[in-house]
Amino acid sequence: MRQRTAELASTHFHNGTIWRGAGVDTADALLVHDGVVAAVGSADVDRHLAALDTASDSDDTLDQVDLDGGFLMPSFGDGHAHPIFGGLEAEGPQVRTCSSVDEIVAEVRRFAQAHPEIEWITGASYDGSLVDGGLFDARWLDEAVADRPVVLRAWDYHTVWCNSRALELAGITAETPEPELGEIPRRGDGSPLGTLREWGAVDLVDAVRPPLDEAVRLRALERAADYYLERGVTWVQDAWVEPADIETYIAASTRGRLTLRFNLALYADPRHFSAQLPAMVEARRRVEEHGDPLLSARTVKFFADGVVENETGSLLEPYCSSLHNHGLRVWDGETLAEAVRAVDAAGFQVHIHAIGDAAVRQALDAIESAIAANGPRDRRPVIAHAQLVDSADLSRFAEIGVIANMQPLWAQLDDLMTVLTVPRLGESRASNQYRMRSILELGGRLSFGSDWPCTSGTPVEGLAIGTSRQNDAGEPAGGWTPEEIVDIDRALDTYSTAVAYQAFADTCPVTWGEIRPGASADLIRFDHDPRHLSPQELAVTAVRTTYLCGAAVHSSI
């Protein structure tokens, strides 16, 4: 655990707007003492400052922060992300910004030539919309590297693209049967094309790929932390944690290298779940006994389906592009409900990836069954993404008490939407995606996340889209599906206090995620009031300072 310094410090924020949440009056001053909010509003702050002046504790210091007309609010949280994956993207070929297959191949060639010592070349994350249907050929990568295996992850992290050497080492041939929970796209002669979809297929490669060195993983986690603090995020839900990741987090904490709050969601695999649950309970115990207030492991992550873009999102009606294909149902029959009941009975928070409307319904049914079986308690279950929700299920989020964690950056007409998503769903169904405002107005809880590194982890970019439903070009006029636009105050809430609720912040020894006396001073400062900016201005607004427990952990000054 971190040790508190002997010197006590107070910080007085003034001359700006202190935003405390949607529907709550703003304040004009704030006093933080020893990392905790001590007073809100100039009158109360003045009383506390007067008391400090007369106190005999000479070790107490007072810092004055003139907001200069700026804006102070609770820090952001990210309700669904993959920080280690994000940090690892800097370790391999830099393919994220490549706008063609030729550019990707050239970058892989450059990286391979610069690193002849690397046995397996791995990188992320390429744009799956660059090729029709997202189907990439191993022979294209062979032109860059033929003698070493190459494995690139797509932007969705549900798909990889391999060269022929990687397929050979994994034993993937024309005779390889379709794996459980995965797909191997093939050429006309039955040979594997080079694209692998979903983890049942990806695992075939991962099984022969050497594990990453722990130093690389620690470096990735630190890089992710820096990324988040720069963007005003002080709590992250790591939404896919496997045993090696637990070791990385504990090692980082032991070495004093955790610089923000993380909660770990332990991955539940339907193929091995019966053996996983005891290990999950043990992992939670280890993290709790470790005693770092910045680290918890209270959540279990389920996948109900894949993604629409590669036709593995689970739909009630078939895909327009593939007759009779309803997508991938990860847990058959009642197995998801059974697993959710078991996890819930063990006291874990449930966090279910559900993209398609069939997956969302299955997830809601599973959570409802756990409530009925295990009785009332403060469980705060989460359905992540909820990209397509059938109208009949919208009110169930409020009725059951399920948090919809959505990614506002996805609610726009970008290439991903127009090239890959809409053709698969059809115009009518596509217009029912990301029903954020509908869930709120029906009394449901909504929190925001990024799914970084699948897409940007910058909250202001997500806020700009969520409050306009327009792309970078400001199109369409009035917004895409404008009835689902979330107003800026509620959007700020949804990326801060609502994520804190998802995180059980109010149950911590020192609560956080809100500005009130007694709460941890987890704050962000902007030079301008984001409520008065256009979407285009908001998307590029930098966080001036990020505070965690009252300490400035990032500053752009």
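Start with helix H6: its buried residues pack against strand E8 (150-154), strand E9 (159-162), helix H5 (164-170), strand E10 (195-197), strand E12 and strand E13 (295-303). This is a predicted model.

Now select H6 itself, residues 198-206. Its buried residues are Glu198, Trp199, Gly200, Ala201, Val202 and Val205.

Next, go to Arg255. This residue lies in the loop that runs from helix H8 (243-254) to strand E12 (261-267). E12 is also one of the elements packed against the buried residues of H6. Is Arg255 buried or exposed? Arg255 counts as exposed, because its relative accessibility is 52% and the cut-off for exposed is over 50%.

Move to Gly69. Look in the loop between strand E4 (61-66) and strand E5 (71-74). Gly69 is exposed, at 54% relative accessible area. Which residues does Gly69 touch, beyond its neighbours within four places in sequence? Select Asn15, Gly16 and Asp527. Then pick Gly444: its C-alpha is 34 Å from that of Gly69, and the two are 375 residues apart in sequence.

Finish with the cysteines. How many disulfides does a search of the whole structure find? The count is zero. Select Cys508 and Cys549: Cys508 is in no disulfide, and its nearest cysteine sulfur, that of Cys549, is 10 Å away. Cys508 is partly exposed, at 24% relative accessibility. Last stop, Cys320: this cysteine is exposed, with a relative accessible area of 52%.

Conventions: Residues are numbered from 1 along each chain as its sequence is written. This is a predicted model: local features need pLDDT of at least 70, side-chain atom pairs count only at pLDDT 80 or more; totals for chains, interfaces and linings use all residues. Side-chain values use heavy atoms; hydrogens and water are left out. Helices (H or I, at least four residues) and strands (E, at least two) are DSSP runs, numbered from the N terminus. Buried means under 20% relative accessible area, exposed over 50%, partly exposed in between (1.4 Å probe, protein chains only). Contact means heavy atoms within 4.5 Å. A disulfide is a pair of cysteine sulfur atoms within 2.5 Å.
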